[in-house]
Amino acid sequence: MSLTAPASPAIARPPSYGVGMLLSVFLPGAGMTYLGRWGWHLGWIGILLLLAVLDGVLAVVTGLGFSVLTFLGWIAQLVHYHRSYAAQAGRGFPSTFPAAGKIALIAAHVLLLVLPVFAAVLIPNLLSARQTATQAGEQAAARRLYLQVVTDQVDGRLSATCPQVTLPEGVEVTRCAVDIGDPEEPVLNVTFGSGHRLRLP
């Protein structure tokens with residue numbers, strides 16, 4: 001009769017100090033979630049946001065352009081991670097926070113950093129594209145109006161009243177007048193709903 005030795009229990013791999021420190025450097029507070037202390041992760045986010053607001057007030061009052069308080073807070077959370085890692089190692093890294101929860105919380109932190117960057121890049125581009133489209137429509141409308149002015153001049157029906165033409169979609173004319181001081185070269189002055197003014201020719 002042969003006896004089989006019982007399988008050795010699996011030894012959980014301890015968290016890597018370097019990985020947690022990198023997380024803390026680039027995602028302040030995330031190293032604490034990596035250690036299973038997710039409350040401190042949220043806490044450091046709140047602390048650093050508060051320090052950033054105080055830095056803004058300090059910049060207005062003193063004209064100082066460097067975020068001193070935020071930088072000191074960033075250093076403090078690195079020191080906190082270092083000490084927490086040593087304390088957790090002494091207790092064998094006890095943690096009831098599941099790995100999936102750690103990944104989800106750290107991923108959410110990444111999104112909080114990435115989304116404002118995308119917004120800062122995309123929103124101005126979208127606004128610029130909209131402004132360009134609006135200006136193109138206004139220029140097209142002004143050309144149509146001036147073409148009608150020239151047509152009226154040739155037909156002998158030139159007047160100071162703005163001619164009636166079909167405007168491009170989305171274009172609004174708030175003020176329009178034809179300067180016929182020189183009948184040989186009438187001048188069209190148009191103001192659009194956007195506040196943009198055009199003078200032709």
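**Close-up views of a predicted model**

**View 1. An open sheet of 3 strands, ordered β1-β2-β3, pairs antiparallel.** Its edge strands, β1 (173–179) and β3 (197–200), each pair on one side only. The twist from one strand to the next averages 10°. This is a predicted model: local features need pLDDT of at least 70, side-chain atom pairs count only at pLDDT 80 or more, and totals for chains, interfaces and linings use all residues. Residues are numbered from 1 along each chain as its sequence is written, and side-chain values use heavy atoms, without hydrogens and water. Strands (E, at least two residues) and helices (H or I, at least four) are DSSP runs numbered from the N terminus.

**View 2. Strand β2 (residues 187–192) meets β3 through 4 bridges.** The two strands run antiparallel. Asn189 has Arg199 of β3 as its bridge partner. Two strands pair if DSSP finds at least two bridges between them.

**View 3. Helices α3 and α4 (residues 68–90) cross at roughly 160°.** Their axes come within 7 Å. Axes are lines fitted to C-alpha atoms, for helices over the stretch in contact, and angles run from 0 to 180 degrees between N-to-C directions. α3 and α4 are therefore roughly antiparallel to each other (angles over 145 degrees count as such).

View 4. The lining includes Pro28, Ile45, Thr70 and His109. A pocket is an open set of points on a 1 Å grid over the protein atoms alone, where a 1.4 Å probe fits, with protein on both sides within 12 Å along at least five of seven lines; lining residues have an atom within 4 Å of a point.

Notes:
Parallel < 35°, antiparallel > 145°, perpendicular 65-115°, else oblique.
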